[in-house]
Amino acid sequence: MKCVCEGIDLSDAVLKVVKACSSKTTVPVLECIKLSAKNDKITLSATDGEISIIRTINSEIYEEGEVCVPGKYFADFIKKLEGVQISLSSEGKTMEIAYADSQTTMQVLSADDFPRIDLDITENSFALNTSDLKDFIRSTTFCCASDDSRPILKGCQFVINGDEICVTSLDGFRLGTVKGKVMSSTGNMEIICPARTLNEIEKMIPDGEGTTEIFIQRGIILVASDNTVLTSRLYGGDFIKKENIIPKNFVTEVTVEKNKLKASIERAAILVRNDKNSLILFDISGDKIQISSASEIGNVQEPVKAEVSGKDVKIAMNSKFIIDAVNALQEDMITLSFNNHIQPFICQNKENKDKLYLILPVRTGSND
């Protein structure tokens, strides 16, 4: 293989595909990026067995060929060469990287052992407004589980029924669900997509208006944008039914200005940020929410004006969970709905109810 390309193009491509390289594997080729030089293009591919990313850039090809380079090292090295033209040439088990008046050699592996990435994923599909898709992902993936004890909770459930879509995630302590519209679909469907995959899709697709089409087949998802293609395995199994978790009725409803509530919670959270649950307390009565926290560092007591209807309630919660939920809501006024100090409560916009966040409270001696 021998080719020449612009450093900025190669660096941009490498930094995108390296995210699919495996960091924990006994198979060395899964730590690599495969470079394929053919027809005036370099195609870069990486996969860890779950997620795969492929990107193509323009290049002058003098000798076609394929080779696998160590992903992380190659990415870090090429990132430092964005301002120069780069020549790549491989022979045997080494590749030469020439730039300006310098050259570097790097050990490589044969491309023969690199896994085949299936791009023939066309059976089912749905299309979304790109800005809506980005919002769905940003509004739900933070509620996914991060540990492997229940793998299915590391993903978001997408349910498409007619022209409606509902995206749901939960980790056992909180739940996020967002409703919206699809622009088109091949039929009703339900998939569970890893949060990691969704976050890569969100970074990959461009900002602004436009349409993104998502293809599904044989438990694989495929999304293409510009010169980049991402595929990923989907999770199998039955997702938890949110209808069985979200309370139907509430005894206390609070309407409050989002920014004032957020600022007060963030201040209260500072003193408990090293505690396991980052615990803060809401004491709701009259026309206010009294927000408090206490630790060895000190304590915070702040009233926030609110419209309160229903019974008084005192409830403790993880400050990070409530901050994440409030940040995901976009209206100036938001609504918090409670039953008591041991049942989950929900946060929503005051007017547009398409987003809902449910949070499980923390039981403490002070609010029993």
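Trainee: How do the residues of the lining of the second largest pocket divide by class?
Mentor: This is a predicted model, in which local features need pLDDT of at least 70 and side-chain atom pairs pLDDT 80 or more, while totals for chains, interfaces and linings use all residues. Residues are numbered from 1 along each chain as its sequence is written, and side-chain values use heavy atoms, without hydrogens and water. Ala, Val, Leu, Ile, Met, Phe, Trp, Tyr, Cys and Pro count as nonpolar, Asp, Glu, Lys and Arg as charged, and the others, Gly among them, as polar. For this lining, which includes Pro115, Thr231 and Arg233, the division is three nonpolar, five polar and four charged.

Trainee: What is the volume of the largest pocket?
Mentor: On a 1 Å grid over the protein atoms alone, a pocket is an open set of points with protein on both sides within 12 Å along at least five of seven lines, a cavity is a set where a 1.4 Å probe fits but cannot get out, and lining residues have an atom within 4 Å of a point. Points are joined across faces, edges and corners, and a volume is the space filled by probe spheres set on them. For the largest pocket it is about 370 Å³.

Trainee: Which helices each supply at least two residues of the lining of the largest cavity?
Mentor: By class, this lining has nine nonpolar, no polar and no charged residues; among them are Leu133, Ile137, Leu198 and Ile201. Helices (H or I, at least four residues) and strands (E, at least two) are DSSP runs, numbered from the N terminus. The helices asked for are H3 (130-140) and H4 (195-204).

Trainee: How far apart are the end C-alpha atoms of helix H5?
Mentor: The expected span of a helix is 1.5 Å times one less than its number of residues. H5 has 13 residues (258-270), so it should span 18 Å, and the end-to-end distance agrees with this at 19 Å.

Trainee: Within what arc do the buried residues of H5 fall?
Mentor: Buried means under 20% relative accessible area, exposed over 50% and partly exposed in between (1.4 Å probe, protein chains only). In H5, Lys258, Leu261, Ser264, Ile265, Ala268 and Ala269 are buried. They line one face of the helix, because the directions from the helix axis to their C-beta atoms fall within an arc of 140°.

Trainee: Which residues are exposed on the other side of H5?
Mentor: The buried residues pack against elements including strand E19 (252-257) and helix H6 (319-328), where contact means heavy atoms within 4.5 Å. The exposed residues on the other side are Asn259 and Lys260.
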